[in-house]
Amino acid sequence: MDCSRFRTFYSDFADGQLDELAEVACHRHLAECEACRRLHVAYQTGCQALRRQPRLAPSGDFVARLEARLASGAAVRAPAPAGLRQWTALAGAVMAVVVITTAGWMLLDAWPAASAAPPRAAADSRDRPLVVRFAGDTSLDYAGPFTIIPVSRVPRASGSPAQFEVTVDWMEP
Amino acid sequence: MDPLVRERQRTPRVPTQSPFAGRDDATVVQAFLDGDARAFTELVLRYQTRLLNFIYRTIGDRERAEDLVQEAFVRVHRHLHRFDQNRKFSTWVYTIASNLAKNELRNRSRNPLVLFQAIRKEWEPDARPLQFEDTSARPDDLYRKRHLRELVEWSVAQLPEHHREVFVLRELEGKSYEEIADITGCNLGTVKSRLNRARNSFAAVIAPHLD
């Protein structure tokens, strides 16, 4: 057995999953090859040290926070990394508003005149900034420079509360 | 003596045992599906530490790992009614955790700002991997043990993500090859191949510093 073959078999050897012949061959190679023996010792020492590391424990209030979150019916939304949260949320909301608004205008144009929103309503909308509310679990899917943490969709009947709302200026078509 | 202290000393404390102590996961899951909310808390208590350590080892951020463990349990709570009870609950919950960890790593790699923050955090003085100085100048055991601890942590973090995941699942979580294949969505041959490479890489990084 050469070093290349030994290293190919190494994982099974470490787990004791080789047949007897192969295991004997590996042990013989280890006895003869200082380099592979060195690696084998390093692996064993390293894994022992790794397993001796103290295990992380969750924060004392982990269960309480989880139960509160479940009780409030909070959306499945993991918070974004610190420093990026606000900008990601705002940028994502603005992009989503642009997409939704553009799609809405395109739809309105495509509809027969009888179905179009009355000019009065459009004029009213233009008088005020657009407020967009995102319902409890809303999937946003777009391509852009920022990443939105995806949230899963829930049935409308769940009546989950709004996540956040964004006020932007009305966009020209 | 404080009367309260006296009272505590007189009244032996009877430890409250979980009603699900000694029951397997399948039984606890069924209890939850039958309407016992305490069963879900039992599942959380059983898996919170394991999932935290698994996700932490995979993504390298303790605070974020805890967020993702919370996320995993929210998803478990939401989808447990659809869980195939022919599967092991352990494998299912680790799969959820694994997917969340992978998404986290993927999101980081896409966002230059987050990637920059991750790199900066790694290179803050107290987060920097140990300086591999000449240990023969300070041969005491305590020094060696401390450095070995830091060294193995750093070595695991250097593994490519898909190698690191199977390495952690095998070496630290004690999962079988079949379970790892199930959790990662890979076939058995891929798991063995990745594990073999991870072990060889891990040993190669550590070996020079043990000489």
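In chain B, helix H3 meets helix H4 through Phe40(B), Val44(B), Gln48(B), Leu51(B), Leu52(B), Ile55(B), Tyr56(B) and Ile59(B) on the side of H3(B), and through Arg62(B), Arg64(B), Ala65(B), Glu66(B), Leu68(B), Val69(B), Ala72(B), Phe73(B) and His77(B) on the side of H4(B). Two residues are said to be in contact if their C-beta atoms, placed from the backbone, lie within 7 Å, and helices (H or I, at least four residues) and strands (E, at least two) are DSSP runs, numbered from the N terminus. The residues of this contact divide into 12 nonpolar, 2 polar and 3 charged, where Ala, Val, Leu, Ile, Met, Phe, Trp, Tyr, Cys and Pro count as nonpolar, Asp, Glu, Lys and Arg as charged, and the others, Gly among them, as polar.

The model is predicted, and in it local features need pLDDT of at least 70, side-chain atom pairs count only at pLDDT 80 or more, and totals for chains, interfaces and linings use all residues. Residues are numbered from 1 along each chain as its sequence is written, while chains are lettered from A and ligands numbered from 1 in the order in which they are written.

Two packed helices are described by the angle between their axes and the distance between the axes. For H3(B), residues 37–59, and H4(B), residues 62–79, the angle is about 140° and the axes are 8 Å apart; axes are lines fitted to C-alpha atoms, for helices over the stretch in contact, and angles run from 0 to 180 degrees between N-to-C directions. H3(B) is therefore oblique to H4(B), because angles under 35 degrees count as roughly parallel, over 145 as roughly antiparallel, 65 to 115 as roughly perpendicular and the rest as oblique. H3(B) passes H4(B) in a right-handed crossing, and a crossing is left-handed if the near helix is turned anticlockwise from the far one by less than a right angle, and right-handed if clockwise.

H3(B) also packs against H8(B), with axes that come within 9 Å and cross at roughly 145°, again in a right-handed crossing. Here Asn53(B), Phe54(B), Arg57(B) and Thr58(B) of H3(B) make the contact with Arg164(B), Glu165(B), Val168(B) and Leu172(B) of H8(B), a set that divides into 3 nonpolar, 2 polar and 3 charged residues.

How many of the 12 residues of H8(B) are buried? The number is 9, so that H8(B) is mostly covered, and a residue is called buried if 20 or more other C-beta atoms lie within 10 Å of its own, exposed if 12 or fewer, and partly exposed in between, with C-beta atoms placed from the backbone. Among the buried residues of H8(B) are His163(B), Phe167(B) and Glu171(B). This helix, residues 161–172, reaches 16 Å from its first C-alpha to its last, close to the 16 Å expected at 1.5 Å a residue, where the expected span is 1.5 Å times one less than the number of residues. Just after H8(B), Gly174(B) takes a positive phi of about 70°.

The axes of H8(B) and H9(B), residues 177–184, come within 10 Å and cross at roughly 140°, which makes H8(B) oblique to H9(B). In this contact, Glu165(B), Val166(B), Leu169(B) and Arg170(B) of H8(B) face Ile180(B), Ile183(B) and Thr184(B) of H9(B).

By contrast, Ala21(B), in the loop between H1(B) and H2(B), counts as exposed because it has 7 C-beta neighbours inside 10 Å.

Taken as a whole, chain B has 10 helices and 0 strands, and buried residues make up 32% of its 211 residues. Chain A has 6 helices and 2 strands, in the order α-α-α-α-α-α-β-β, and buried residues make up 15% of its 173 residues.

The contact between the chains takes 33 residues from chain A and 44 residues from chain B. On the side of chain A, H3(A) gives the most, with 10 residues, and by class this side has 20 nonpolar, 7 polar and 6 charged residues.
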